[in-house]
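Hi there,

Here is the structure I promised to pass on to you.

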Amino acid sequence: MSLDRLAPAIFVFLWSTGWVTAKYAVHYTGPLTFLCLRYVLAGALLWAICRFSSIQWPERRADVFRAILSGVFLHGLYLGMIWWAIGQGVPAAIGGIIAGLQPLMTAVAARYVIGEKISPLQRAGLLIGFVGIAIAVLPKVMATGALGLSVPLYAVAVNVLGMTSVTYGTLYQKKYVHGGNIMAVATLQYVGAFIVTVPFALLLEDGHVDWSLGLAATLAWSVGAISIGAVALLLYLIRRGQVSRAASLIYLVPPLAAVEAALLFGETLTPAMIAGTVLAVTGVYLANRKPAVSVATG
């Protein structure tokens, strides 16, 4: 089976484990401090891979800058805002709904930013996927009263900004960072992610780290499986097809993360979550049903 067929499924699984990783990480250090450690380790490991594999780095300064800037949006601002918002009390259910906005935001923005066109079937798939996410998580939101005033509105706003950041980063990646070795580009992206995260970690957290085997295991998975494996697959998918199709895969992340939480933390899978997941899967299938259409150039 070709990588084109396997990549989406592997990406969704690896990316979904980020939710579980976040739950473990906060036991050992602050979320932003953990992300800084993750970026340093991922960048160092990728640099070593590039160094000993004789992978060529971008030759032009403009390409280096663009790769670093894409990392600021794709990783630094996105993960930093999402993890910080969760720490401020934004429930995972609301986070799931906000995450479901990304494919819709990407599809709308892609039309104007990079001239990408999507078919009516793909539009239907994106809408169905979002409805599926809403059905899956809304009952939990209503049951816990998560829409009440107990959730800081500024934290919800930061969560939405995080989704806006990754949406822009995805489009920027497609438009400007479409050449060079994926591993070299990913290395530079973590430079950008680290640069933008460190000041906020120093400002908002005390820097305490509980050095332990648990932290080492959490970092190992976060770096190897997510920061390197999942991100490399995401960059590959963006290069190979429409950003709208790649972004639609995000619909599968919250349902799969819920299954993982049920297995690892004993959380309950409700009928609404199961039904919503079926709709989300249907939406992703429709959004990816047809091959990529032509992109306007100018």
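Let me start with T106, which sits in helix 4 (residues 92-113). Please keep in mind that this is a predicted model. T106 has a relative accessible area of 0%, so this residue counts as buried, the cut-off being under 20%. Which residues does T106 touch, not counting those up to four places away in sequence? They are T167, L171, V243, S244 and A247.

The largest nonpolar core holds 66 residues, and the members that touch the most others are F11, W15, Y78, W83, M163, Y190 and L235. Helix 8 (residues 213-240) gives the most to this core, contributing 15 residues. As general background, nonpolar side chains in soluble globular proteins tend to be buried together.

Finally, the surface. Y24, V259, L263 and L264 form a nonpolar patch there of about 390 Å². Helix 10 (residues 253-265) is the main contributor to the patch, with 3 residues. V259 is located in helix 10. Is V259 buried, partly exposed or exposed? Its relative accessibility is 34%, so V259 counts as partly exposed, a class that runs between the 20% and 50% cut-offs.

Best wishes

Methods
Residues numbered from 1 in each chain as written. Predicted model: local features only at pLDDT ≥ 70, side-chain atom pairs only at ≥ 80, totals over all residues. Heavy atoms only, no water. Patch = residues over 30% accessible without salt bridge, like charges linked within 9 Å, V, L, I, M, F, W, Y side chains within 5 Å. Areas by Shrake-Rupley, 256 points an atom, 1.4 Å probe, with all protein chains shown as cover. Salt bridge = Lys/Arg side-chain N within 4 Å of Asp/Glu carboxyl O. Helix = DSSP H or I, 4+ residues; strand = E, 2+ residues; numbered from the N terminus. Buried < 20%, exposed > 50% of the residue type's maximum accessible area, 1.4 Å probe, protein only. Core = buried A, V, L, I, M, F, W, Y, C linked by side-chain atoms within 4.5 Å. Contact = heavy atoms within 4.5 Å.
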